[in-house]
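Here are some notes to read beside the structure. Take the points in order and find each element as you go.

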Amino acid sequence: MSTLTDQISSRRTFAIISHPDAGKTTLTEKLLLYTGSIQTAGSVKGKSSSKHAVSDWMDIEKQRGISVTSSVLQFSYDGYCVNILDTPGHQDFSEDTYRTLMAADAAVMVIDGAKGVEAQTKKLFKVCTLRHIPIFTFVNKLDRETRDPFDLMEEIETVLGIGTYPMNWPIGCGQNFRGVFDRQTRRVIAFEGDGHANATKKVAEIEAELGDAELADLIGEANHANLIDDIELLDGAGDELDLDAVRTGKLSPVFFGSALTNFGVEPFLKEFLRLTPTPLPYTDCLTGDPVDPMRDEFSGFVFKIQANMDKNHRDRIAFVRICSGKFERGMDAMHMQGGKKLKLATGTSLMADDRATVDEAYAGDIVGLFDPGIFSIGDTVCAGKCRVQYPEIPTFAPEIFARVTQVNTLKRKQFVKGMEELAQEGAIQIFREPGFGMESVIVGVVGVLQLDVLEQRLKSEYGVEVRRQALPYSEIRWILNDPSTYDIAKLNLTSDTLRVEDMRGRKLLLFTSAWNVNWASERNADLELSEVGNFS
Ligand code: G4P
């Protein structure tokens, strides 16, 4: 029987981020293949292939070949229990990515070696840095023509502002790709060219000293000469791998490889698991102290809510990141925000549709709890004598607004339920215009694709057709003045500023421009508006 400490120490929980098409899905698939979690290549892939990603379960994802929601994949490897949190690559869903990163102890950033740092890499990277977690880089597609590795490293450093430490170094690329030189073991891992796409076959590792004639034969004279120069340069830089800098997200260990051809995936996994931290402590905001993940009592927080994952059951699942102790199915726990006791009756582990019931889980793991409609994102659950409360998860300020109206007024109940449930999931934010009923709602989102998903899900999950009218607002501010004494109707505002309220009845204003926000502040001296940066 392993102890609680053994169990928790074996956990490694991370998210993979990338610009679409850099190879995140392919890398995830290869990790699962290596570890025996799936049998055939292609079962994680979506896009043009007929099979869909294990992590893609919603129709819209299948139609468009994008990953909209984040799922969790768990597997064992080499004594580790690995949790991969999948994140959507599309920028319109970066809020979902942010929440997922709140539950991760590290991130892997996949970069296309030919394209370098792309727009979405930058955005997702920024979200990662808010968490100060270690970030590992996998430079992918070395089997194609790529950019010079020194250039790529420089770009990562200058554009993203993080130091880089190459763990291995590529020998050629594209047609001329011969493998990588592992800087720790000083070995060359040779690339055999083809035939690996569907295999779990390991590639040859060759122990050869730089300068050996045998190595020159294997990789070619010119490659060999280049490699000697490159390694001299890297070694000359003299830096040791600074683990503290890695752990605080200041230095990114960089691996080169080719996920599609299975090259460099396993060495990456091994090194990554060795370097990446065990479950990190989260702070209890009741005391301001970090909570030891190894303590006996279970505690965790909800980072994601997903309704109707299984159409046959119409359930809602609250995904909980376990921050301390051990979860057991059926255990009594306290829902801190609701102030109520509850039985954590059912836990599920996700391999997309294939949901298996989880009987126990440990700090670092994610459990999916059936949610009778009581949880909100950021809520804490804890058991035993433990009473902690984890920090709220901030929401992004919506930048795109639309009025959504139901087409068939007989479906009012379903419409209201759908809108409320999807808002609780955090997929959208909804606002009411005083004087309007619930048949027409203002929806705010971060990316326009979220509106497409809303429309589609209302139709398929709630049987409700809606009309959507784009609204010109782009700035949102909550009114901080006391609503019982402050007369909002009397505010002096431009004619295109709208007064609305959110789900909790708080008053706010929607503006068509930042200029109008200033206008309102200047004309109404006592008006106190919320600051809006990245988050509301
Ligand atoms: P994503 O999840 O980051 O969006 O990327 P994904 O893994 O779906 O990969 C995007 C495309 O890049 C896919 O091709 C995939 O096969 C290819 N790819 C991934 N890794 C490598 C690699 O190491 N080398 C090469 N040469 N290609 C790679 P696709 O044509 O868009 O999709 P499909 O037709 O293969 O399904």
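1. Start with a definition. The expected span of a helix is 1.5 Å times one less than its number of residues. Keep in mind that this is a predicted model.

2. Apply that to helix 12, residues 449-462. Helix 12 has 14 residues. From its first C-alpha to its last it reaches 19 Å, close to the 20 Å expected.

3. Which residues of helix 12 are buried? The list is Gln 450, Leu 451, Val 453, Leu 454, Arg 457, Leu 458, Glu 461 and Tyr 462. These residues cover an arc of only 155 degrees around the axis, so they sit on the same side of helix 12.

4. Look just past the end of helix 12. There, Gly 463 takes a positive phi of about 65 degrees.

5. Seven strands form an open sheet, in the order 27-24-26-25-29-30-28. The pairing is antiparallel. Strand 27 (466-471) and strand 28 (475-478) are the edge strands, and each pairs on one side only. From one strand to the next, the twist averages 35 degrees.

6. Strands of a sheet pair through backbone hydrogen bonds, either parallel or antiparallel. Take strand 28 and strand 30 (residues 507-511) as an example: they run antiparallel, joined by four bridges. Trp 478 stands opposite Leu 508 in strand 30.

7. What packs on the sheet? Helix 11, residues 412-424, does. Helix 11 touches strand 24 (400-406), strand 25 (429-432) and strand 26 (440-445). The direction of helix 11 makes about 130 degrees with that of strand 25.

Note on methods. Residues are numbered from 1 along each chain as its sequence is written. This is a predicted model: local features need pLDDT of at least 70, side-chain atom pairs count only at pLDDT 80 or more; totals for chains, interfaces and linings use all residues. Two strands pair if DSSP finds at least two bridges between them. Helices (H or I, at least four residues) and strands (E, at least two) are DSSP runs, numbered from the N terminus. Axes are lines fitted to C-alpha atoms, for helices over the stretch in contact, and angles run from 0 to 180 degrees between N-to-C directions. Two residues are in contact if their C-beta atoms, placed from the backbone, lie within 7 Å. A residue is buried if 20 or more other C-beta atoms lie within 10 Å of its own, exposed if 12 or fewer, and partly exposed in between; C-beta atoms are placed from the backbone. The arc is that of the directions from the helix axis to the C-beta atoms.
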